[in-house]
Amino acid sequence: MKKRTKRTAVLAIAVLTVWCTGCGAASDRTMSETIATSPASRNDSYDIGGGDYKTENGGMTEESGELAEVTTENGDPGVQDGRKLIETVRLEVETKEFKETMAALETQAEELGGYIESMDTYNGSSYSEYGHNRNASLTIRIPSGKLDGFLQTVARAGSIVRRNDTVEDVTLSYVDMESRRDTLRTEQSRLLEFLDKAETIEEIITIEQRLSEVRYQMESMESRLRTMDNLIDYSTVYIDVSEVHELTPVETPTAWERITGGFAESLESIAHGGLELCIWFLVHIPYLVIWGILIAAAVILVKRRRRKKRERLEEQLRRGASAEIEKNK
């Protein structure tokens, strides 16, 4: 019994040693990657993890020991000079041809290898063209290397009245997660070796508990890496499209242009207001007829009541006068 307890304790110490070694390795490897990707590391040599490395053009080459690879080619989407970038663009677009603009955006996104992640379209509701106003909100994912081409298409399809660009550098976070994932894989392999050598139930339970934790952490890390890869490979473009009758001028108008433009807008507003009034009247004729009948009936009833009341009052006065005459006789 003492011998079994001793074996269990030794095995627990071994598992703890594997875990601590993994944490130390993650820390060392994270430090190595940080040095490799920092601007200060270019054209310098370092001794990392027992191996000699030197950097060339912002990257890292191996002279001896394990290679910590950092991608430096600009051909990788979302990667510039070895850095992993998440690009986000927000646009507000005006257009006179709503249907054509929406079709152009959808077609171009598909041709560039992207896709529409979400789209919310409002087709407007009004009895007249003047009040008709359509708009849409889109979330489009475009391959990072083709983002500029897509933005040019948006500029041709409509008038961009507002643009906001955001670039988030996630290089250090990405390298850190990769290091932790690799460390967890190494720990999983060692735990499986210990599990094959385990002889008692206590040993098996101890190893399997730690193995379950490692697998959960590793799956979570891989899921986060896949999500980050998607955000790096595909830029996110948020577009708000509005249908307008007149595009917002890009250049500041002169005083004379403001006067003439404002006068024209006033005349146009009056014309549209008169048109809206006519349309409203024609549309609501059934209601107006019904209300007219009800009001006329109410007026007739009120007049009849007043006439009857006046006739009763006159009759009472005549009777009173006749009675007074009879009395005086």
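The model is predicted, so local features need pLDDT of at least 70 and side-chain atom pairs count only at pLDDT 80 or more, while totals for chains, interfaces and linings use all residues. Residues are numbered from 1 along each chain as its sequence is written, and side-chain values use heavy atoms, with hydrogens and water left out.

Let's start with strand β9 (residues 234-243). Strands here are DSSP runs (E, at least two residues) and helices are H or I runs of at least four, numbered from the N terminus; two strands pair if DSSP finds at least two bridges between them.

On the surface, L277, W280, F281, L282, I285, L288, V289 and I293 form a nonpolar patch with about 790 Å² of accessible area together. Helices α6 (255-283) and α7 (285-328) each give two or more residues to this patch. Areas come from the Shrake-Rupley method with a 1.4 Å probe. L277, in helix α6, is exposed (over 50%), at 57% relative accessible area.

Finally, K84 lies over the face of Y174, at 4.6 Å from the ring centre (cut-offs: NZ of Lys or CZ of Arg within 6 Å of the centre and within 35 degrees of the ring normal). The model also has 1 aromatic pair, counted when ring centres of Phe, Tyr or Trp (its six-membered ring) lie within 6.5 Å, with planes under 30 degrees apart called stacked, over 60 edge-to-face and the rest tilted.

Methods
Patch = residues over 30% accessible without salt bridge, like charges linked within 9 Å, V, L, I, M, F, W, Y side chains within 5 Å. Salt bridge = Lys/Arg side-chain N within 4 Å of Asp/Glu carboxyl O. Buried < 20%, exposed > 50% of the residue type's maximum accessible area, 1.4 Å probe, protein only.
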